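Colleague: I have a few questions about how this chain packs. Can we go through them with the model open?

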Amino acid sequence: MLSIAHAAAGAFIATKINNPWLSGPIIVATHFLQDYIPHWDVGQGLTKKLKSKHAAFIQELVTDFPASIIFVYFLYQASSTSINYQAWFGWFMALLPDFLEFPYLFLNLRFFPIKQIANLHNRFHHSTPNKWKGLWPQILVILLVLYFN
């Protein structure tokens, strides 16, 4: 899934469940549930060498990752005079599995526990090369967060 879809779900959960000891594991589990749904993301094509790691990294760094920050900022932070720690905690926990997989995918680090984390993540990850088929579930997540927020 795109970072923005993970971030939307994570920030939403964290702002609805105030206890981080409860919301944190739920958010991480939601990340894997979202990744289980066939989806398209900026890493599409890496495993079949249709896209370079450099191109995927740049796309993530320039578009998807900033979009996740902007989404959380405008939905949960912009109208507040103080930091919405719950929303940012949700953002971080929602992206934590991807942060932990980063060294494996982009730095070729294959030692314990990085390799085991990447393998676990890969078991849940189902992507599709079809952009429309892969984007509509993510658009739905974002729309549901906007509606119920």
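Colleague: Leaving aside its neighbours within four places in sequence, which residues is Val72 in contact with?

Modeller: This is a predicted model. Contact here means heavy atoms within 4.5 Å. With neighbours within four places left out, the partners of Val72 are Ala7, Ala11, Gln77, Ala87, Trp88 and Trp91.

Colleague: Which element gives the largest share of the largest nonpolar core?

Modeller: That core has 15 residues, and Phe71, Val72 and Tyr76 have the most contacts inside it. Two or more residues come from each of α1, α3, α4 and α6. The largest share is four residues, and the element giving it is α1.

Colleague: How many of the 14 residues of α1 are buried?

Modeller: Buried means under 20% relative accessible area. The buried residues include Ser3, His6, Gly10 and Thr15. Their cover includes α2, α3, α4 and α6. α1 is mostly covered, and the number buried is twelve.

Colleague: What span should helix α1 have at 1.5 Å a residue?

Modeller: Helix α1 runs over residues 3-16, which makes 14 residues.

Colleague: Are α1 and α6 roughly parallel or roughly antiparallel to each other?

Modeller: Their axes come within 9 Å and cross at roughly 30°. On the α1 side the contact is made by residues including Ile4, Ala8 and Phe12, and on the α6 side by residues including Val141 and Val145. Angles under 35 degrees count as roughly parallel. The two helices are therefore roughly parallel.

Conventions: Residues numbered from 1 in each chain as written. Predicted model: local features only at pLDDT ≥ 70, side-chain atom pairs only at ≥ 80, totals over all residues. Heavy atoms only, no water. Expected span 1.5 Å × (residues − 1). Buried < 20%, exposed > 50% of the residue type's maximum accessible area, 1.4 Å probe, protein only. Core = buried A, V, L, I, M, F, W, Y, C linked by side-chain atoms within 4.5 Å. Axes fitted to C-alpha atoms, helices over the stretch in contact; angles between N-to-C directions. Parallel < 35°, antiparallel > 145°, perpendicular 65-115°, else oblique.
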